[in-house]
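The following note sets out points for a colleague reading this model. Please consult the sequence and the structure alongside each point.

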Amino acid sequence: MSNIKILAAASAVALLLSGLTASAGAETRVTLKSAKSTSSYYLMTVQLAEAMKAADSSYVPTVEESQGSVQNVLESKSRPGNYIFTTPPSLLASARQGKKPFEAGAFDNARTLFVMPFVTVHLVARADAGINSIADLAGKTMIPGGKGSFCGTATEKILAAFGLTDKVKTVEVELSAAGPAMRNGKVDAFATCSSHPTPQLVELATTTPIRILSLSEAERTKVLALDASSGPLTIAANTYKGQDKPVNTVGLPVGAYGTTAMSDDVAYFVTRTFWEGKTKLAEKSPWWNGVEPDMVKLLGAEVHPGAMRYYKEKGIAVK
């Protein structure tokens with residue numbers, strides 16, 4: 001089954017899960033929020049919701065589409081009850097310090113639950129646009145990630161690091177518009193940050209020749225210096241149609257977080273359910289294979305007391 005068909009089926013499951021109510025006894029409602037419905041992280045969140053429901057039918061998970069990690073973090077400040085969201089830890093650091101895009105006021109509501117597959121930074125160009133490196137983006141039109149998203153902020157930093165801020169014409173639109181804009185020749189390039197293979201690019205590559213920029217070692221070193229939590233990452237050849245060589249890029253850790261409003265029992269349940277079900281999740285989607293308990297140390301936020309109970313039971317060091 002293609003990734004697109006899987007995503008469509010997953011979206012249907014998400015809608016079904018959101019409408020379910022427990023027929024008897026007490027029920028525990030949990031909201032899961034990750035990314036746009038076209039992204040791999042939305043599919044991951046649906047898989048997590050399915051695992052929760054299978055582990056205990058008294059849990060009623062609702063999957064919500066999101067504009068991206070910035071929205072997720074902002075909502076963590078005020079969302080009541082059992083709210084689970086995903087974000088790179090660097091955004092949480094910005095929220096704690098009241099830095100852009102959280103200039104309205106610092107806050108620290110996030111509590112670590114478990115690790116998600118890493119973000120993969122994709123710099124994507126039309127194959128006929130004459131773009132073979134970051135420097136070639138000069139004079140081109142680009143969608144720098146989703147409007148108001150972590151990816152948009154990260155792409156702005158990359159362009160600035162290479163002196164391209166005023167040399168690239170950027171278009172601020174939703175990331176869902178990037179594929180059609182590229183197919184119609186309206187833009188030359190765009191950035192997307194999602195675990196690979198990301199469904200949006202799988203679909204686009206089947207209809208439009210694209211090139212995913214591979215960073216030289218010098219370029220990658222410069223990009224890695226922009227975020228201390230980032231690391232080198234390679235997209236294997238043939239991950240996307242027409243991509244016959246490995247692509248060297250960067251990746252960033254992503255966590256699944258609760259908030260200070262989440263109950264200890266719910267945090268314990270979702271953390272245990274994830275780690276005990278990870279093997280089964282990986283059988284359906286190999287991206288879960290790269291997630292290991294020792295990565296919890298990378299997530300940059302205090303571990304939720306309920307999640308900590310699980311890690312202590314299993315003898316897993318998370319500090």
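1. Strand 1 (residues 28-33) pairs with strand 3 in the parallel sense over three bridges; two strands are taken to pair if DSSP finds at least two bridges between them. In this pairing L32 stands opposite I84 of strand 3. Strand 3 is also joined by three bridges to strand 10 (residues 247-259), and these two run antiparallel. Here T87 stands opposite G255 of strand 10. Helices (H or I, at least four residues) and strands (E, at least two) are DSSP runs, numbered from the N terminus.

2. The model is predicted: local features need pLDDT of at least 70 and side-chain atom pairs count only at pLDDT 80 or more, whereas totals for chains, interfaces and linings use all residues. Residues are numbered from 1 along each chain as its sequence is written, and side-chain values use heavy atoms, with hydrogens and water left out.

3. Strand 3 (residues 83-87) is mostly covered, with five of its five residues buried. Buried means under 20% relative accessible area, exposed over 50%, and partly exposed in between (1.4 Å probe, protein chains only). Y83, F85 and T87 point one way from strand 3, while I84 and T86 point the other way. In a regular strand the side chains alternate between the two faces of the sheet.

4. How many disulfides does a search of the whole structure find? The search finds one, and this disulfide joins C151 to C193 with an S to S distance of 2.2 Å. The criterion is a pair of cysteine sulfur atoms within 2.5 Å. The link of C151 and C193 is right-handed, with 65° about the S-S bond. Because C151 lies in helix 5 and C193 in strand 7 (residues 189-193), the pair ties together parts that are 42 residues apart in sequence. Both C151 and C193 are buried.

5. T155 belongs to helix 5 (residues 150-161) and is buried, with a relative accessible area of 3%. Residues up to four places away in sequence not counted, T155 touches M142, P144, G145 and A191; contact means heavy atoms within 4.5 Å.

6. L159 is also found in helix 5 and is buried at 5% relative accessible area. Not counting residues up to four places away in sequence, L159 touches L137, M142, L164, T165, V168 and T170. L159 and E276 are 117 residues apart in sequence, and their C-alpha atoms are 41 Å apart in space.

7. Is H304 buried or exposed? H304 counts as buried, at 2% relative accessibility, and is found in the loop between helix 9 (264-284) and helix 10 (305-313). Its side chain reaches the backbone oxygen of M262 at 2.9 Å. Leaving aside neighbours within four places in sequence, the residues in contact with H304 are R111, T112, L113, T259, M262, S263, D264 and A267.

8. The axes of helix 2 (residues 40-55) and helix 9 come within 10 Å and cross at roughly 110°, which means that helix 2 is roughly perpendicular to helix 9. Axes are lines fitted to C-alpha atoms, for helices over the stretch in contact, and angles run from 0 to 180 degrees between N-to-C directions. Angles under 35 degrees count as roughly parallel, over 145 as roughly antiparallel, 65 to 115 as roughly perpendicular and the rest as oblique. Helix 2 contributes Q47, L48, A51, M52 and A55 to the contact, and helix 9 contributes F269, V270, T273, F274 and L281.

9. Most residues other than glycine have a negative phi, and most peptide bonds are trans. The peptide bond from K100 to P101 is cis, with omega near 5°; P101 is placed in the loop between helix 4 (89-97) and strand 4 (110-126). The bond from H196 to P197 is cis, with omega near 0°, and P197 is found in the loop between strand 7 and helix 7 (199-207). N238, although not a glycine, has a positive phi of about 70°. N238 lies in the loop between strand 9 (231-235) and strand 10 and counts as exposed, at 59% relative accessibility.

Key
Polar contact = N/O pair within 3.5 Å; in protein donor to acceptor, adjacent residues only side chain to side chain.
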